[in-house]
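Please keep the sequence and the model in view while reading.

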Amino acid sequence: MNQTNFVHESYAQRIWRRFRAEPFARNGLWTILVLFAVAALAPFLANSHAIIRVADGRVTFPIFPSLEPIEWRFLLYVPLAGLAWLFRRRLFARPLGGATFLLALVILIEVWLVFHHVVNDPTNDRDRPAAFKLMPLVPFSPVETASEPFLPPSWTHPCGTDSTGRDIAARMLHGARTSLSIGFVAQSIALSIGVTLGSLAGYYRSWPDIAICRLIEIMDCFPPLLLILVAVSLFESQNNMFYIMAVIGLTTWTGMARLVRGEFLRLSGLPFTLAAQAIGAGDLRVIVRHILPNALGPILVAGTFGVASTILLESSLSFLGFGMQAPTPSWGDILGESRLYIDFAWWLAFFPGLAILITIMSYNFVGEGLRDAVDPRLRIK
Amino acid sequence: MTTYLIRRILLLVPTLLGITLLTFLLVREAPGNIALMKGAGGENGSRAMTAEQREAMIKLYGLDKDPFTAYAEWIGRLTRLDLGDSWVDHRSVVAKIGERIGLTASLAGSALLISYLVAIPLGVIAAIKRGQVTDRAISFTVFVLYSIPSFAAALLLILLVAGGDYLNLLPMYGTNSINASEMGRFEWLWDRIQHMILPVICLTYGSLSYISRYARVSMLEALAQDFIRTARAKGLPERLVILHHALRNALIPIITIFALELPVLISGAVIIEEIFSLPGMGQLMFASLEARDNPTIMGITVFVSILTLLGYLLADILYVVVDPRIRYE
Amino acid sequence: MALLHVENLGIHFGPPEDPVRAVDGISFEMAAGETMALVGESGSGKSVTALALTRLLASPPARYVSGRIEFEGRDVLRLPERELRALRGSGIAYVFQEPSSSLNPVFTIGYQIREAIDLHRPEIRDVTGEIVRALDTVGIREPEKRLNDYPHQLSGGMQQRVMIAMALACRPRLLVADEPTTALDVTIQKQIMDLLKALKQQSNMAILLITHNFGLVADFADRVLVMFQGRIVESGPTAEVLRNPQHLYTRALIECVPKLGQKQRRLKVIDYAGIN
């Protein structure tokens, strides 16, 4: 028999080990990471400008001046978050110091972005002669009329072109940003509301619980898409990405609130909570330091499934034409545009549909894997 | 049971008030209204109002009164089923909903029915064959179906089987063919069924996959219970042990989740009716949103949410009926 | 001929290369009408043995690796599914430990007993009368009214009586009572054991009582088997085993029973190192 070594393993490490053992969940996580990388690097993957251009003895990087603030944000914040995670031990050795440092960086970037001037250069580098040029993988911008309309997929246009001759591949790569970030941010909003209200209801019980439960019931009576459509169309702020995120977040928090309330009801009766209260810990401390960490697993699981359904909601909105009216489309927009031409231009619907499917499926796989890892009793094997 | 029913129905009152108040404030306080009140049109001309329309709107939302007086008056009219008149064609909103509800109800109803009829056997089979190839195949298929957006599925199905470049088996749009009025009764019915196949499929598979996943877990839980061993120890054939003893227990939670599917199905109907040009309530909602027909928007929202609330009530009552352990006296 | 004959029965769980030997080659016999007790702690393999008698133990995960079980001359382990089902309930019937979860919550108790009768005694015309008689036998008052009760409407003791009635309804030749009183209150425990004793005297049904409690065995079983780690470590007439236990483990188990009139500060703890 093998000698079993008992090595200390934290809760997070145990979940991570079980999670990695699930091939679907693991691949789902990788897919999501790749999608985020694609979103962050979209301007470098699909652009009419060259990444590096050497002409007239000068080396230029034509892409950078044309980057929009949102593109800069993705480009800077995604690696920043990664680095912060990698160096979290050193960074948060003194928690306040680390947070201040990160906050200062964010403020610095935002201030710079306010004064940053975007150069809008309608020309492209594809046909412009140069001694050396490195073009992006897809040498088209998502907004330019690149070729004939309705070209089926080919080597030049791997996903074809749309009704005005724009390259679908370029539009999809850039669309990843909208779809992914709305899903993530809107679900974070829903999560914050749900966790806050759910913990208040579950911890204090009595009248806060009654009030919050009524509110949940009221919200649950509205079909989510209907409520969002009403809110978006009446307040007509469709140009504002954050407004759409907020509306989705404000209408989809109930599931999380129910879950957190249930966890708090269960956990706040357990001895460790009483022990914390007995040594005089304040309510906020008991909620945040003692109960919440014990509920993190289920919250994480529900949050992951939530991102999937949020992405679905956003793409439904965009599909119906109620999403953002931004120049760069989300996947739902591309699908929506394809409706009129569906009887012959299959590629208009197929590729964005596939992208949405893969994204949602990856999130669902990760959610499923996390659930099994958090609660092995439910393991379906 | 009667006391429970009365208590449960009384509990609906605060929720009903909440639903109506939320809808009322949402529509009344929309920035568009304020702009319209000042007499200024929106950026497009169609949104400028006639004096008569403005008069009607002030009356409808009590824009000249404080919100709560206005709400109280609006509720008063609501109890008399007066939701105001549409801005588009000046017909009563109740009548407009009335002529649309049938189609949406039959769409959602058949979707729900088919979901249950297919999902429960799938879930049961997966649970019995737990961990085997059959289970894995069913679970994976259902998982993928669950992740396909209905509108993408609708478009691809139209492309593949409804007059696209490939097969031309089914009609693409509408509830009936153009020459439907000349058809005999059975021909007409067959024509209608053909038109409904694709919309119902698109509306069904999402709920179907959700319910079958739920059914599988519920069935697994039931099969792990002690009374299953008792049933086997009695000498009951395995078919009866599973289909009678286990399924009967597993069905209780499965049946009662139908209420949770109602809002989902209505959300789906908005998209599906729009894609297939079906004149149901979803399409009416969509058209009203585009035309900023506020009375109709508000009417539909209130109507649908009350319907959902009644669905939850029905689910609660059903739970008491099907589970002998729960008796509210 | 013995009613039940178990020979070198081995049941394993887990991977074949490193199995858990839940039952490790046990042999015993029971005569018709005999009362026997199978005693041992949790995990000693006694419940696994009990379930194996009608192959109620699902395989997989369990593996019947060796031996044979003969009931009335038929080899249970090789019986076709159909005959096995006929054996279950009418040949060997069970009463389980947890009456509240062993009864199906969504069917009335009358229906659950009726199922057993319909299955094994189709010749009976007045099934309802038979159910009433069965409930009456196990001491349930006003059985006509209780017929349509659901299990949750009864107390734990009543539920266990229903389980016993259900087991007896098919007139089994062997009743396996698997820890029938463990989940019940002490006073109810006594009532159930008294009921089993009364039933034993009324019929010539054999009873196999499975328990971890030597206290129940003394005035109930004719013979006793002691199981430890999948093996039978001691067997014999009850009085003899109790008076003069041979195996250290048996001695330890007997000492675990608190005795009247003895001052004992703590319950004995079994010293496994001494046994092995």
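A crossing of two helices is called left-handed if the near helix is turned anticlockwise from the far one by less than a right angle, and right-handed if it is turned clockwise. The model discussed here is predicted.

Q: What is the handedness of the crossing of α6(A) and α10(A)?
A: Helix α6 of chain A covers residues 168–204 and helix α10 of chain A covers residues 254–267, and the two pack at an angle of about 35° with their axes 7 Å apart. Residues of α6(A) including L191(A), G194(A), V195(A) and G198(A) meet residues of α10(A), among them A257(A), V260(A) and F264(A). The crossing of these two helices, α6(A) and α10(A), is right-handed.

Q: Is N294(B) buried or exposed?
A: N294(B) lies in helix α14 of chain B, which runs over residues 294–322. A residue counts as buried when its relative accessible area is under 20%. Because the relative accessible area of N294(B) is 4%, N294(B) is buried.

Q: How far apart in space are N294(B) and V27(B), C-alpha to C-alpha?
A: Along the sequence these two residues of chain B, N294(B) and V27(B), are 267 residues apart. In space, taken from C-alpha to C-alpha, N294(B) and V27(B) are 6.9 Å apart.

Q: Which residues is K197(C) in contact with, leaving aside its neighbours within four places in sequence?
A: K197(C) is found in helix α8 of chain C, which covers residues 186–202. With a relative accessible area of 19%, K197(C) is buried, since the cut-off for that word is under 20%. Once the neighbours within four places in sequence are set aside, the contacts of K197(C) are D219(C) and F220(C).

Q: What percentage of the residues of chain A count as buried?
A: Chain A has 14 helices and three strands, and its C-alpha atoms fill a box of roughly 75 × 55 × 45 Å along the principal axes. Of the 381 residues of chain A, the share that counts as buried is 48%.

Definitions and conventions. Residues numbered from 1 in each chain as written. Chains lettered and ligands numbered in written order. Predicted model: local features only at pLDDT ≥ 70, side-chain atom pairs only at ≥ 80, totals over all residues. Heavy atoms only, no water. Helix = DSSP H or I, 4+ residues; strand = E, 2+ residues; numbered from the N terminus. Buried < 20%, exposed > 50% of the residue type's maximum accessible area, 1.4 Å probe, protein only. Contact = heavy atoms within 4.5 Å. Axes fitted to C-alpha atoms, helices over the stretch in contact; angles between N-to-C directions.
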